[in-house]
Amino acid sequence: MSSAPAPVPSTSPADSDLVRAARGLPVSRTPVWFMRQAGRSLPEYRSLRAGTVMLDACQDPDMVTEITLQPVRRHGVDAAILFSDIVLPLVVAGMDVEIKPGIGPVIANPVRSVADVDALPPLEPEALGFLETAVRQLVAELGPTPLIGFAGAPFTLATYLIEGGPSKEHARTKAFMYAEPEAWGRLLDKLAVSAAIFLRAQVDAGAVAVQLFDSWAGVLSAVDYAERVLPFSRSVFDGLGDREQGVRDVPRIHFGVGTGELLPLIGDAGADVVGVDWRIPLDEAARRVGPQRSLQGNLDPAVLLADRATVDREVRRVVEQGKAARGHIFNLGHGVLPDTDPGVLTHVTELVHELTTS
């Protein structure tokens, strides 16, 4: 972290502590937000969502706006992340996808052949009017609080398409990757174009940072990731536009689970910020990633279910280890667990701010 004097809090989301930390610039305090902060741990969310299926909620601009704002109001976090779902671009493109309670996304017609890849419908930018409306509403409501755009990475989306739903081994996915290299490349290229369109719509409407979720990349070896996945994740970030153009020069955050051995490669995919899960200390992650990128993370979500003394001890540890990085955005190592007491999230936010305010 820079030793220059910390700035006063900005009134512009583009110069917020989140954006500054992502760029490795001095901050007034370590910014905090939580993956899955908007959603199932909040009673106000459950009340609002009652009777509305997930994928319908994600396409209702007013509902998206309210759900995204709920944790900002309750916890005082330093960023909002768009309420959405990783498979939403597939749904908008016209695929038959259902999110089944207790299971997750289920694909009616999984991709199992070259012909299936070629038959996938493209995501048309014109279909994202609801998304642009939601982002514009959010930017107006959030004021100086930055909005982070959201999209799933090509590999993780490919796993859902090929497996037909969630998987622990991702065996079908990897078998397809090895046996059908040309079809695999075409599949990930299509998904990269879709993810870039989805993110670009959010950035053009006012999001000042983006996060690409490659939730299941940790099932891959470093060699397979580098050769068969990284180029397509890079193309998603490249699809946001030339960094020199300015208008789309937003910080790129890249996150995956179980990716300790992939951290340098995840950065090489085009990230300004590498998200780190709880399995590796941030000071070691900083060593692996290097001084050219910031880090995000990495409190174990399960810690939030423990007693207050344990929570405080672990928060202090993460804050201390985060000092080894070029910049640090405090977050969990994965999403908020459903049984988490919202009051604990508020406390963690306040504690990080107390520990790091200059």
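**Exercise 1: the sheet**

In this predicted model, 7 strands form an open sheet in the order 1-4-5-6-7-8-9, with parallel pairing.

Solution. 
- Step 1. Turn to strand 6 (residues 252-255), which runs parallel to strand 7 and is joined to it by 2 bridges.

**Exercise 2: helix 14**

Task: explain why the buried residues of helix 14 lie on the same side, and list what they pack against.

Solution. 
- Step 1. Within residues 282-289, the buried ones are Leu282, Ala285, Ala286 and Val289.
- Step 2. Their arc around the axis is only 105 degrees, so they share one side of helix 14.
- Step 3. An α-helix has 3.6 residues a turn, so residues three or four places apart point the same way.
- Step 4. The packing partners are helix 13 (263-268), strand 7 (273-275), strand 8 (294-299), helix 15 (308-322) and strand 9 (328-332).
- Step 5. Just past the helix, Gly290 has a positive phi of about 95 degrees.

**Exercise 3: the largest pocket**

Task: describe the space in the largest pocket and the classes of its lining residues.

Solution. 
- Step 1. The largest pocket holds about 1,300 Å³ of space.
- Step 2. It is lined by 38 residues, with Arg36, Arg40, Met54, Asp85 and Ile99 closest to its centre.
- Step 3. Helix 2 (43-49), helix 3 (54-57), strand 2 (97-100) and strand 3 (104-107) each give two or more residues to the lining.
- Step 4. By class, the lining has 22 nonpolar, 8 polar and 8 charged residues.

Notes
Residues numbered from 1 in each chain as written. Predicted model: local features only at pLDDT ≥ 70, side-chain atom pairs only at ≥ 80, totals over all residues. Heavy atoms only, no water. 1 Å grid on protein atoms, 1.4 Å probe; cavity = no way out; pocket = protein on both sides within 12 Å on 5 of 7 lines; lining within 4 Å. Points joined across faces, edges and corners; volume = space filled by probe spheres on them. Helix = DSSP H or I, 4+ residues; strand = E, 2+ residues; numbered from the N terminus. Nonpolar A, V, L, I, M, F, W, Y, C, P; charged D, E, K, R; others polar. Buried < 20%, exposed > 50% of the residue type's maximum accessible area, 1.4 Å probe, protein only. Arc of directions from axis to C-beta. Contact = heavy atoms within 4.5 Å. Pairing = 2+ DSSP bridges.
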